[in-house]
Amino acid sequence: MFLQLGDIVVHAVVEGPAEAPPLLMLHSIGTSLHVFDPQAATLSRHYRVIRMDMRGHGMSGVTDGDYSMALHARDAVALLDSLGIRQAHVLGLSIGGRIAMELAVLAPDRVASLILMDTALEFPPPQAWQDRIDAVLKVGTQALVEVVMPRWVVDPSLASSQGLRQMLLRTDRRGYAGSAAALRDARAADVAGRITCPTTIACGTMDIATPPEMSRAIQAAIPGSRYVEIPEGGHLPTFEREADTTAAILGHFAAFAPAPGYDAGLAIRKSVLGEAHVARASANITPLDAAFQEWITANVWGGVWTRPGLPRHTRSLLCLGMMAALGRHEEFELHVRATRNTGVTPEEIGEVLLQVGAYAGVPTANSAFKIAKNVLKEG
């Protein structure tokens with residue numbers, strides 16, 4: 001999508017269930033939102049993943065002059081405002097991580113938690129960034145390729161590394177120079193000691209541009225933050241160390257998630273079934289079923305649905321298949337409605353019910369298809 005946000009048009013991609021927890025992903029300088037493609041494919045099953053091409057990058061608009069971390073942070077807030085999102089988890093890579101820190105200081109109520117990947121409090125020396133700015137404005141980003149690529153990746157010969165190279169070459173020289181100025185001018189004092197939200201700092205063990213000691217400095221500056229390493233990862237590990245990078249992100253949410261039990265179960269139940277449904281169901285609880293409802297919330301939603309062994313999307317599919325096969329029509333209808341939040345598509349519902357027809361009988365599947373059609377017509 002393209003959105004007019006103040007003085008620029010921003011290109012953004014939003015994926016995942018509309019009612020899932022929002023996750024805003026901020027990319028590195030000289031790349032685009034596509035740097036997170038491998039992670040977005042997994043994360044969008046559980047989260048409403050929001051990616052934007054930052055000012056001067058990708059397909060977003062470019063403005064002349066120096067940018068600042070605060071300017072980039074305000075662009076991110078404007079995007080959240082335009083999407084009607086009050087608060088989001090924020091993941092930032094390289095400059096994206098430093099923008100995320102700025103955002104957490106400027107608008108702390110908008111940030112649920114931070115994941116800061118391969119970044120730093122500041123990026124010395126300033127003269128090195130000024131040299132890059134001068135070279136880019138004179139020649140273009142091709143002036144930086146041979147210097148930057150060995151700092152971004154461990155193996156520049158990989159197809160994904162060549163893709164990153166193309167992202168750099170296609171970055172507008174004004175956009176790169178503007179963001180380089182933000183890196184040149186960033187100071188640790190602007191954010192150190194001022195961030196209080198749950199935070200994970202992740203760093204590739206082979207990152208040359210912002211090595212692990214810079215991430216350790218961030219950890220020291222954010223009370224209660226976690227530090228994890230991405231084995232053999234470079235500065236931009238999202239492609240080269242795809243699985244490890246995704247695991248680090250999921251580990252953040254697991255570490256800061258409520259402990260299994262009633263509170264976690266209630267949160268997941270609301271996320272899957274929707275706040276409105278849970279509110280209605282809670283209003284109908286009487287002394288007769290109060291203990292039963294508490295048991296379901298704590299042990300089914302809070303004990304089974306919280307387990308990491310299966311993604312929420314898969315658990316949703318399993319519920320659909322079992323409720324249809326057992327003829328539990330009321331529960332089946334409930335879980336068809338829940339697919340708006342779990343990411344299960346109508347096509348996947350059709351495949352599940354085809355399987356039900358094969359193994360539980362055609363009449364059983366036929367009844368379930370009728371219910372599913374009626375629910376899906378509701379929009």
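I began with S94, which lies in the loop between β5 and α3 (95-106), where helices (H or I, at least four residues) and strands (E, at least two) are DSSP runs numbered from the N terminus. Phi of S94 is near 60 degrees, a positive value in a residue other than glycine. I noted beside this that most residues other than glycine have a negative phi, and that most peptide bonds are trans.

Before going on, I wrote down that this is a predicted model, in which local features need pLDDT of at least 70 and side-chain atom pairs count only at pLDDT 80 or more, while totals for chains, interfaces and linings use all residues. Residues are numbered from 1 along each chain as its sequence is written, and side-chain values use heavy atoms, with hydrogens and water left out.

I then looked up the peptide bond from P124 to P125, which is cis, with omega near -5 degrees. P125 has its place in the loop between β6 (111-117) and α4 (126-139).

Next I turned to the sheet. It is open and is formed by 8 strands in the order β1-β2-β4-β3-β5-β6-β7-β8, with mixed pairing; two strands pair if DSSP finds at least two bridges between them. At the edges I found β1 (2-5) and β8 (226-230), each of which pairs on one side only. Neighbouring strands of this sheet are turned by 25 degrees against each other on average, direction ignored.

I followed some of the pairings by residue. β1 and β2 run antiparallel and are joined by 4 bridges, with L3 opposite V10 in β2. These two strands form a hairpin with 2 residues between them, and G6 in the turn has a positive phi of about 65 degrees. β2 is also joined to β4 by 4 bridges, again antiparallel, and here A12 stands opposite M52 in β4. Between β3 (residues 22-26) and β4 (residues 48-52) I found 5 bridges and a parallel run, in which L24 has I50 as its bridge partner.

Which strands does helix α2 (residues 69-82) lie across? I found β1, β2 (8-15), β3, β4 and β5 (88-93), and the helix runs at about 115 degrees to β1. Axes are lines fitted to C-alpha atoms, for helices over the stretch in contact, and angles run from 0 to 180 degrees between N-to-C directions.

I compared two helix pairs. The axes of α16 (residues 346-360) and α17 (residues 362-377) come within 7 Å and cross at roughly 160 degrees, and these helices are therefore roughly antiparallel to each other; angles under 35 degrees count as roughly parallel, over 145 as roughly antiparallel, 65 to 115 as roughly perpendicular and the rest as oblique.

Last, I checked the aromatic pairs, of which the structure holds 3; rings of Phe, Tyr and Trp (its six-membered ring) pair if their centres lie within 6.5 Å, and planes under 30 degrees apart count as stacked, over 60 as edge-to-face and the rest as tilted. F292 and W295 form a stacked pair, 6.4 Å centre to centre with 20 degrees between the planes. Both lie in helix α13 (residues 290-301), 3 residues apart, about one turn of the helix.

How values were computed. Contact = heavy atoms within 4.5 Å.
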